[in-house]
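Dear colleague,

Please find below the structure that I am handing over to you. My notes on it follow directly after.

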Amino acid sequence: MPAPVELGLEPAVAFQVLAWTLAGSLLGCCSGLVPGVHANNFAFLLAGVVPIVPGPPLFVGCAMLAAGVVHTFCNAVPAMALGVPDAEMAVTALPGHRMVLEGRGYEAIRLSALGSILAVLAAVPLAVPVTWAVTAAYPTIRAHLPLVLAMVAVALIASERTWRGRLGGVLSFALATGLGALTLDLSTDAPLEAGGTLAPLFAGLFGAPVLIDAIRGSGIPRQSGTGIETSRRFVGTTAIAGTLAGAIVGYVPGISAAIAAVAVLAIVPNGASDRGYIVATSGVDTANAVFALFALVAIGQPRTGVLVAFDGTAAPLELPILLGAVVLAGLIGFVFVIVVGDAYLELVGRLTYWKLSAAILVVLLGLSYLFTGGLGIGIFVVATAIGMVPVRLRCRRVHLMGVLIGPLMLGL
């Protein structure tokens, strides 16, 4: 274990932390803007590169954590502009994209940025008491996890407004559960060993159906209005709920940020609104990045792909320095996602949308092959067919999260 690095007030050390954090933030921004790239894929790619990066392990670790945090800010942009999410932003993809189609894309981006930055700012003071509470409750949560997830699934299906929607929700959940049970644990022979089958699963379930429908559409309209048309209290309450859910993700194995976001949406008042979806899922995703660091310090277990990669660097767990890098990355990510997100929307709006949609479908096929080999192509095709079910039956696509929730419920 390398000797701890004392930050103190040494300008040279502070400058290095700042420089490495900024470099990692730029990397996380780039990865978050690539359609269909999941945080775990990105983390495993980072893990492969880190051994050849010159620099003290602590500073390299700061860069990795910063990259992971900023990725959680920027991954909302392709979900909204193109309808192509990574796994953690899957339930945001359609509501955010729908706001873009209504010309409210700038507002959607700002809601996501607020959800993420409020989660960072709330997670820091809550980290110690929440760490104590979650670790104390962990045995009970783990023992009753299938029941809790079943209750969440039933609540989401029951919240559909029509019987057709409820039947569609049951069918979508069942098909996604079967797909997850068959594919999540498959070993793959791929050009890039970078995180397993999540990339083709979520690209097919949530991204491809939007792109297929977009080929027949007329593109996204001109965007206008950066104001947020909901109360500060609603944004704050939903972000705090997402933050607390992110804490559970950080400590409880088997629960992803996407699953926790689904649970938040089932209990937050008006959480089923498009704006609620965006704030809640962004808050969960980013809070998870903060609480996972505390989980690594408290129980010695890395709970995210980024923390697994970080743990492999042998960086010392200098929590004040690492936490400072995370908070700084959150502030950088907040600025990035607004500036870059607005430009991203403007660029997409100027392109011929059906050609763009077809090109991104090809990109998703390519990523599926890179991350999971030939098997990934088959998974992508089947997932796309299942992803069309809720679209055609007019129910919410959140039921497709059965791909993760279902196997956990069944103990698979």
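Glu107 counts as buried, because its relative accessibility is 0%. Please note that the model is a predicted one. The side chain of Glu107 meets that of Arg275 in a salt bridge, with 2.7 Å from N to O. This pair links distant parts of the chain: Glu107 belongs to helix H6, Arg275 belongs to helix H12 (residues 274-299), and the two are 168 residues apart. Arg275 has a relative accessibility of 21% and therefore counts as partly exposed.

Arg275 also forms a salt bridge with Glu229, at 3.6 Å from N to O. Here too, distant parts of the chain are linked, since Arg275 lies in helix H12 and Glu229 in the loop between H9 and H10, 46 residues apart. Glu229 counts as exposed because its relative accessibility is 54%, and the threshold for that class is over 50%.

A further partner of Glu229 is Arg104; in this salt bridge the closest N and O atoms are 3.5 Å apart. Arg104 is placed in the loop between helix H5 (90-101) and helix H6 (105-143), whereas Glu229 is in the loop between H9 and helix H10 (232-251); the pair is 125 residues apart and links distant parts of the chain. With a relative accessibility of 15%, Arg104 counts as buried, as the limit for that class is under 20%.

Taken together, Arg104, Glu107, Glu229 and Arg275 are linked in a network of salt bridges. A search of the whole structure finds five salt bridges.

I turn next to the aromatic residues. The structure holds one aromatic pair. It consists of Phe202 and Phe206, whose rings are stacked, with 5.7 Å from centre to centre and 10° between the planes.

As to cysteines, how many disulfides does a search of the whole structure find? The search finds zero disulfides. Cys29 is in no disulfide, and the nearest cysteine sulfur, which belongs to Cys74, is 3.7 Å away. That distance does not qualify because the two sulfur atoms of a disulfide must lie within 2.5 Å. Cys29 counts as buried because its relative accessibility is 9%. Cys395 likewise counts as buried, with a relative accessibility of 8%.

Finally, I would draw your attention to Val249, which is found in helix H10. Its relative accessible area is 3%, so Val249 is buried. Val249 and Ala295 are 46 residues apart in sequence, and their C-alpha atoms are 9.9 Å apart in space.

With kind regards

Technical notes: Residues numbered from 1 in each chain as written. Predicted model: local features only at pLDDT ≥ 70, side-chain atom pairs only at ≥ 80, totals over all residues. Heavy atoms only, no water. Phe/Tyr/Trp six-rings, centres within 6.5 Å; stacked < 30°, edge-to-face > 60°. Salt bridge = Lys/Arg side-chain N within 4 Å of Asp/Glu carboxyl O. Helix = DSSP H or I, 4+ residues; strand = E, 2+ residues; numbered from the N terminus. Buried < 20%, exposed > 50% of the residue type's maximum accessible area, 1.4 Å probe, protein only.
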